Amino acid sequence: MTQLWDFSGGIHPPEHKAISNTRPIRSASVPDYLALPLQQHIGEPAEAIVEVGERVLKGQKIADVKTGMGVPVHAPTSGVIESIADLPVPHPSGMTDRCITLKPDGEDQWCQRNPVKDYRSLERDQVLQIIRDAGISGMGGAGFPTNIKLRPPRDRKVSTLILNGAECEPYITADDMTMREKADEVVAGLKIMAWILRPERCVIGIEDNKPEAIAALQKATEGTQTEIAVIPTKYPSGGEKQLIQILTGMEVPSGGIPADIGVMCQNIGTAVAVAKAVFEGTPLISRVVTITGEAVREPGNFEALIGTPIEHLLEQAGVNQNAVSRLVLGGPMMGYTLTTEAVPVIKTTNCVIAATAAELPAPPPEQPCIRCGQCAEACPMELLPQQLFWHAKATEFEKAEHLNLFDCIECGACSYVCPSSIPLVQYYRFAKGEIRAQQAEQLKADRARERFEARQARLEREQQEKELRRQERAKAAAEAAAKKQAEAEKAAAEGAAVDERAAKSALVEQALARKKAKAEASRPPAASEPPAEEKPDIEALEKQLSQAQSKLETMQGMLDDAKAQQADNVEKLERAVAKNHDRVKRAEEALAEARQQLAAGPTESQPTH
């Protein structure tokens with residue numbers, strides 16, 4: 001018999017499980033539309049890879065995570081993509097998020113699937129890729145991608161693999177009915193995960209209030225080394241850390257994860273999804289959801305397609321809308337009230353409670369804390385709820401964090417036993433959210449500072465390199481000057497040096513001579529020595545006049561615009577226009593003189609004696 005341990009605290013709220021565990025699992029009908037959120041798990045949201053108006057097949061991948069941690073989303077049935085827009089999603093805030101809306105066509109036509117008969121013939125990474133491509137994430141908690149969870153760090157060997165069948169929260173019976181009716185699939189999925197992890201021990205933990213599930217799993221595990229551990233019914237024994245402590249006697253360290261002590265927990269529904277993905281090639285497109293509460297006539301568990309609106313499932317269970325006082329997603333301890341029935345079933349949805357006013361009455365007004373200490377006695381994590389409450393209420397978040405606020409699993413046991421009706425968990429959630437926001441801002445500021453410091457270091461490095469190059473150039477110039485001086489001294493010593501002033505004077509005279517020669521070459525011939533008469537180039541003069549007129553028009557236009565806009569450069573443009581007027585006038589005179597010369601004809605020069 002498996003040795004069991006106990007954990008501190010815990011409570012025994014009314015179970016209310018008999019409401020929904022007396023009927024077998026029913027298949028919910030296909031709704032008029034399916035709303036598929038792109039964010040259904042911890043990690044990065046998926047990106048749509050289909051277009052509006054596109055027809056998709058059942059099981060076809062319609063969204064995927066290309067970078068970062070995440071898994072894809074698949075079409076639960078065949079149909080047409082109707083929209084990709086923001087719609088209500090399951091969240092305590094009642095927020096909207098990006099969703100793909102699929103309108104079923106009624107044909108339920110499958111895409112091609114690739115089942116694997118013998119997964120042991122594959123590599124471990126290949127099986128993990130199958131699990132990832134099937135879109136499987138944890139179906140009992142926050143929705144951590146299963147393929148990543150099944151790939152622990154190499155320095156953390158998993159020695160114990162636990163399948164969590166405790167399902168300790170009141171009302172919820174989805175895992176209970178799954179173990180009763182799909183025990184073989186549960187064990188098959190467990191075997192696949194055990195083959196991947198190679199643990200020394202495999203154990204399924206079930207509370208003793210589920211005798212039918214216990215019997216079904218004992219039968220399914222006959223001839224195997226898998227243990228069926230029947231644990232006492234106490235809330236929250238289904239919490240990951242509490243179940244690990246019950247089955248192993250070890251405690252997960254503060255701020256740590258189960259892999260730190262060589263343990264891994266998986267959910268019952270996750271095991272079934274893994275088995276279907278490998279042996280059938282079926283992605284995660286449906287799950288078992290408990291529809292319960294006194295406001296429904298036919299409560300029970302439904303195999304519902306992912307994306308099915310909650311209102312559709314309530315209709316399947318025969319909801320009496322007039323009797324519904326409160327709609328809770330999840331259990332009464334850790335769930336939250338829905339603001340609309342339009343939210344869809346996602347991969348982590350396990351229960352919807354349609355409660356009457358008498359069943360889940362509104363909480364009484366919050367009263368001052370009387371310091372009774374019942375919250376500390378009930379806390380399964382051995383925290384100090386009273387002090388955490390004070391610090392959270394006073395926004396002393398650093399003090400709350402020092403008291404291990406983030407070890408709180410938000411089970412609600414403290415709120416349940418509080419005689420002052422203080423919603424303690426709400427204060428803890430608020431404090432956690434504020435701390436995460438502050439940490440995000442601090443991280444943002446740290447990254448900005450790192451970028452600034454990197455830029456400053458780069459600028460300093462560039463300045464140093466520039467200064468080094470300047471010094472190298474100065475050194476080279478100094479060396480060249482020294483070399484030149486040495487050569488001059490050497491020449492002087494050999495008698496080859498000349499007077500520096502005479503040398504400079506000679507250079508000046510040479511320059512003046514070159515300038516004089518250039519002036520003589522450009523001077524027109526003297527009257528006594530007339531050059532050979534050449535025919536004037538009328539075409540060139542006309543072209544010169546045309547260019548001058550064009551430039552004058554351009555400058556005149558610029559002047560007019562400047563005057564209209566009262567620009568500062570009006571005077572400058574007026575001078576430019578006057579100068580261009582002169583150029584046009586000179587060009588016209590030159591052209592007229594050339595034409596007169598052509599009209600007069602050539603003249604003979606008189607010889608001189």
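Tutor: Let's start with one term. Partly exposed means a relative accessible area between the buried range, under 20%, and the exposed range, over 50%. Also keep in mind that this is a predicted model.

Student: Is Arg132 buried or exposed?
Tutor: Arg132 is buried, because its relative accessibility is 13%.

Student: How many salt bridges does the count come to?
Tutor: The count comes to 28 salt bridges.

Student: Show me another. What does Lys58 pair with?
Tutor: Lys58 forms a salt bridge with Asp108. Their closest N and O atoms are 3.1 Å apart.

Student: Where do Lys58 and Asp108 lie?
Tutor: Lys58 is in the loop between β4 (55–56) and β5 (61–64). Asp108 is in the loop between β8 (96–104) and α1 (124–133). The parts are 50 residues apart in sequence, so the pair ties them together.

Student: Is Lys58 buried or exposed?
Tutor: Lys58 is buried, with a relative accessible area of 12%.

Student: Next one. Which residue meets Lys182 in a salt bridge?
Tutor: Glu303 does, at 2.9 Å from N to O. This pair links distant parts of the chain, 121 residues apart. Lys182 sits in the loop between α3 and α4 (183–197). Glu303 sits in strand β14 (residues 300–305).

Student: Why does Glu303 count as buried?
Tutor: Its relative accessible area is 16%, and buried means under 20%. Lys182 is buried too, with a relative accessible area of 16%.

Student: Which residues do shared partners join into one network?
Tutor: Lys61, Asp64, Arg132 and Asp133. Salt bridges that share partners connect them.

Student: Let's switch to the surface. Which residues gather in the patch of positive charge?
Tutor: Lys551, Lys572, Arg575, Lys579, Arg583 and Arg586.

Student: Which helix gives the largest share of the positive patch?
Tutor: Helix α16 (residues 570–600), with five residues.

Student: And where is Lys551 found?
Tutor: In helix α15 (residues 538–565). Lys551 is partly exposed, at 43% relative accessibility.

Student: New topic: Asp176. Where is it found?
Tutor: Asp176 is in helix α3 (residues 174–181). At 1% relative accessibility, Asp176 counts as buried.

Student: What does Asp176 touch?
Tutor: Asn21, Glu167, Lys210 and Ala213. That leaves out residues up to four places away in sequence.

Student: Last one. Where is Thr233?
Tutor: Thr233 lies in the loop between β11 (227–231) and α6 (240–248). Thr233 is partly exposed, with 21% relative accessibility.

Student: Which residues is Thr233 in contact with?
Tutor: His12, Glu15, Glu207, Asp208 and Asn209, leaving aside neighbours within four places in sequence.

Student: And how many Å apart are Thr233 and Ala48?
Tutor: They are 43 Å apart, C-alpha to C-alpha. In sequence, Thr233 and Ala48 are 185 residues apart.

Notes. Residues numbered from 1 in each chain as written. Predicted model: local features only at pLDDT ≥ 70, side-chain atom pairs only at ≥ 80, totals over all residues. Heavy atoms only, no water. Patch = residues over 30% accessible without salt bridge, like charges linked within 9 Å, V, L, I, M, F, W, Y side chains within 5 Å. Areas by Shrake-Rupley, 256 points an atom, 1.4 Å probe, with all protein chains shown as cover. Salt bridge = Lys/Arg side-chain N within 4 Å of Asp/Glu carboxyl O. Lys, Arg positive; Asp, Glu negative; His and termini not counted. Charge placed at Lys NZ, Arg CZ, Asp CG, Glu CD. Helix = DSSP H or I, 4+ residues; strand = E, 2+ residues; numbered from the N terminus. Buried < 20%, exposed > 50% of the residue type's maximum accessible area, 1.4 Å probe, protein only. Contact = heavy atoms within 4.5 Å.
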